[in-house]
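Work through the exercises below with the model open beside you. Try each task before you read its solution.

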Amino acid sequence: APPNWPFSNTFRSGDLSASAGGALPDAIGVIQVCDELCLTDEIGVEVRLWNGGMGPMRAGVPMTVYAEVRGREYALVTLLSEDVVESGGATGTFSFAVSAPLVPDGILVLRVDDDGEGGQQVGECHEDNNSMRIVDVFCP
């Protein structure tokens with residue numbers, strides 16, 4: 001490979017994405033709930049992963065749903081995206097049920113590019129938009 005010094009010195013420029021040409025993905029998660037399963041004491045949950053960046057996002061990006069209880073988060077489920085998500089695209093909807101007693105404070109948090117232990121796996125253009133929090137998640 002030719003040296004990059006005469007063209008773009010990535011060390012001195014601070015450009016950490018030079019190898020991708022600045023076209024990085026941006027993982028953004030969306031979560032919603034439905035109370036149709038409340039008769040069985042469960043909360044229906046649907047999540048999707050969007051790519052708001054300029055580059056494609058690889059398959060296997062983790063999405064973890066947490067219950068927030070007294071200010072602490074407890075992982076309920078971790079899902080993995082199945083396909084590459086192109087710029088501006090999204091995964092299909094992942095649907096599952098959560099036992100209502102596991103969400104006593106009525107708060108769910110979705111964190112994308114999160115393996116359930118706080119680990120991230122995708123270099124993104126924005127790392128600060130990877131979570132969505134919803135409140136008042138109760139069965140009537």
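**Exercise 1. Which hand does the link of Cys38 and Cys139 have, and what does the link tie together?**

Step 1. Take the angle about the S-S bond. It is -85°, so the link of Cys38 and Cys139 is left-handed.

Step 2. Check the distance. The two sulfur atoms are 2.1 Å apart. A disulfide is a pair of cysteine sulfur atoms within 2.5 Å. A search of the whole structure finds one disulfide.

Step 3. Cys38 sits in the loop between strand S1 (27-34) and strand S2 (42-51), while Cys139 sits in the segment after strand S7 (131-134), so the pair ties together parts that are 101 residues apart in sequence. Helices (H or I, at least four residues) and strands (E, at least two) are DSSP runs, numbered from the N terminus.

Step 4. Judge the cover. Buried means under 20% relative accessible area, exposed over 50%, and partly exposed in between (1.4 Å probe, protein chains only). Cys38 has 16% relative accessibility, so Cys38 counts as buried. Cys139 has 25%, so Cys139 counts as partly exposed.

Step 5. Cys34 is in no disulfide; the nearest cysteine sulfur, that of Cys38, is 8.4 Å away. Cys34 is partly exposed, with a relative accessible area of 30%.

Before going on, note the ground rules. This is a predicted model, in which local features need pLDDT of at least 70 and side-chain atom pairs count only at pLDDT 80 or more, while totals for chains, interfaces and linings use all residues. Residues are numbered from 1 along each chain as its sequence is written, and side-chain values use heavy atoms, with hydrogens and water left out.

**Exercise 2. Which stretch has a pLDDT below 50?**

Step 1. Start with the chain. Its pLDDT, the predictor's confidence in each residue from 0 to 100, averages 84. At least 70 is scored by 84% of the residues.

Step 2. Over residues 9-15 the pLDDT is below 50. Beyond near neighbours in sequence, this stretch has five contacts in the model. Contact means heavy atoms within 4.5 Å.

Step 3. Apply the rule. Where pLDDT is low, the predicted coordinates should not be read in detail.

**Exercise 3. In what order do the three strands of the open sheet stand?**

Step 1. Read the elements. The chain has one helix and seven strands. Along the sequence the pattern is α-β-β-β-β-β-β-β.

Step 2. Set the order. It is S1-S2-S5, with antiparallel pairing. Two strands pair if DSSP finds at least two bridges between them.

Step 3. Find the edges. S1 and S5 stand there, each with a single partner strand, so one side of each is left without a neighbour in the sheet.

Step 4. Check the pairs. S1 and S2 share eight bridges. Gln32 has Glu46 in S2 as its bridge partner, and Ile28 has Trp50. S2 and S5 pair over six bridges. Gly44 stands opposite Ala97 in S5.

**Exercise 4. Which side chains of strand S5 are buried?**

Step 1. Recall the rule. In a regular strand the side chains alternate between the two faces of the sheet.

Step 2. Sort residues 94-99. Phe94, Phe96 and Val98 point to one face and are buried.

**Exercise 5. What is the strand order in the open sheet of four strands?**

Step 1. Set the order. It is S4-S3-S6-S7, with antiparallel pairing.

Step 2. Find the edges. Strand S4 (72-80) and S7 each have a single partner strand, so one side of each is left without a neighbour in the sheet.

Step 3. Check one pair. Five bridges join S3 (residues 62-69) to S6 (residues 108-112). Val65 has Leu110 in S6 as its bridge partner.

**Exercise 6. Which residues does Leu102 touch?**

Step 1. Locate Leu102. It lies in the loop between S5 and S6.

Step 2. List the contacts. Leu102 touches Ala67, Val69 and Leu76, not counting residues up to four places away in sequence.

Step 3. Judge the cover. Leu102 is partly exposed, with a relative accessible area of 46%.
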